[in-house]
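Colleague: Could you take me through the ligand site up close? I'd like the contacts and the surroundings in one go.

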Amino acid sequence: MQHYLSMVLFSVDTADPKDVLWLRERGIPIDKMTTNPTSKSKVMKRIRDEEGRTVSSFDVVDMLLDLTDCPISVETLGTPDYRPETMDPDIFVQEAETIGKYDSRLVVKFPLVAPALVAARALEGMYPVNFTLCFSAHQADLAADYGGTYVSPFLGRIVAELERDDEAEALLRGIIEKYGKDLCSTKVLAASIRNEEQLMMAAKYGADVVTVPMNVIRDMYEAHGEGALAIIQDVRLRRSRRTVSSLWRPTYSKDFNYSEMQPWQRELLDAGVRTFLDDARSVGYSVLPKAA
Ligand code: E4P
């Protein structure tokens, strides 16, 4: 049995190298970065419009790797034509290998859908994985069972959809409690944070990582001036406490079961997958080299 007491890691939810410079100027720590097809496509468009050059999604990753020394989550797509219907475990595996072999600091981001779980099983923990687009306890169970290094519950999207903070809180607390009971090592990365309150809520319940978008960080600077840095430092000084069994292993034994999710959870998952794929398509984001 291993008990661990670690600080809440501060991740930045952006793919824009300019944001890294902005954060650095203010002395804001970056423990991790999370990117997704939406944030990547924004940067690719910005660079095209402002600098007149076309960059690939891996060019963006290169820029981030050059500027930081932290782990960076990079999203897989799992489909040759940006359609959820054609998501394929083999493509997820190839993309994961491309990302994982590219740089040891890259974390493979898999959407929490059935074909990605099949891929995770095939990879048997070869690369660190961040299971994203988590809206339900069922998905979080699967993320642990399939050896996720992280699971990313999307708190802000739940609050925005249901107009209820308590559902997002309940999901986060439920996952942290269940993982604690199961003694599993998957870490909880609180994602889709839309404001300071949600950030503080995630820190209060003991998320292992909080990923915070730039508009929230900027709003904190608007509201608190230089005091924003102290608030961020305070979040990092909070502790996430967990006990992990050294005997814990993923079993790859559970199946993705749509019926274990509520209709709104399924809708958010489907919409999230579609949005990421549409945004990826809009800039030709691809993880695998394009066929000639
Ligand atoms: C991070 O891993 C997620 O991709 C991100 O938090 C999504 O947030 P959004 O709901 O603001 O798009």
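Modeller: Here is the ligand site, shell and contacts together. It's a predicted model, so to speak of local features I need pLDDT of at least 70, side-chain atom pairs count only at pLDDT 80 or more, and totals for chains, interfaces and linings use all residues. Residues are numbered from 1 along each chain as its sequence is written, and side-chain values use heavy atoms, with hydrogens and water left out.

The ligand sits in the largest pocket.

Around the ligand you'll find Asp-13, Thr-34, Asn-36, Lys-109, Phe-154, Arg-157, Ala-191, Ser-192, Arg-194 and Thr-211, where a neighbour needs a heavy atom within 4 Å. That shell splits into four charged, four polar and two nonpolar residues, with Asp, Glu, Lys and Arg counted as charged, Ala, Val, Leu, Ile, Met, Phe, Trp, Tyr, Cys and Pro as nonpolar, and the others, Gly among them, as polar.

Now the polar contacts (N or O pairs within 3.5 Å). Lys-109 puts a polar side-chain atom 2.8 Å from a ligand oxygen. For Ser-192, a polar side-chain atom is 2.7 Å from an oxygen of the ligand, and Arg-157 has a side-chain N or O atom 2.7 Å from a ligand oxygen. As for cover, the ligand on its own has 340 Å² of accessible area, and the protein covers 87% of that (Shrake-Rupley, 1.4 Å probe).

Notes: Polar contact = N/O pair within 3.5 Å; in protein donor to acceptor, adjacent residues only side chain to side chain. 1 Å grid on protein atoms, 1.4 Å probe; cavity = no way out; pocket = protein on both sides within 12 Å on 5 of 7 lines; lining within 4 Å. Sits in = over half its atoms within 2 Å of the grid points.
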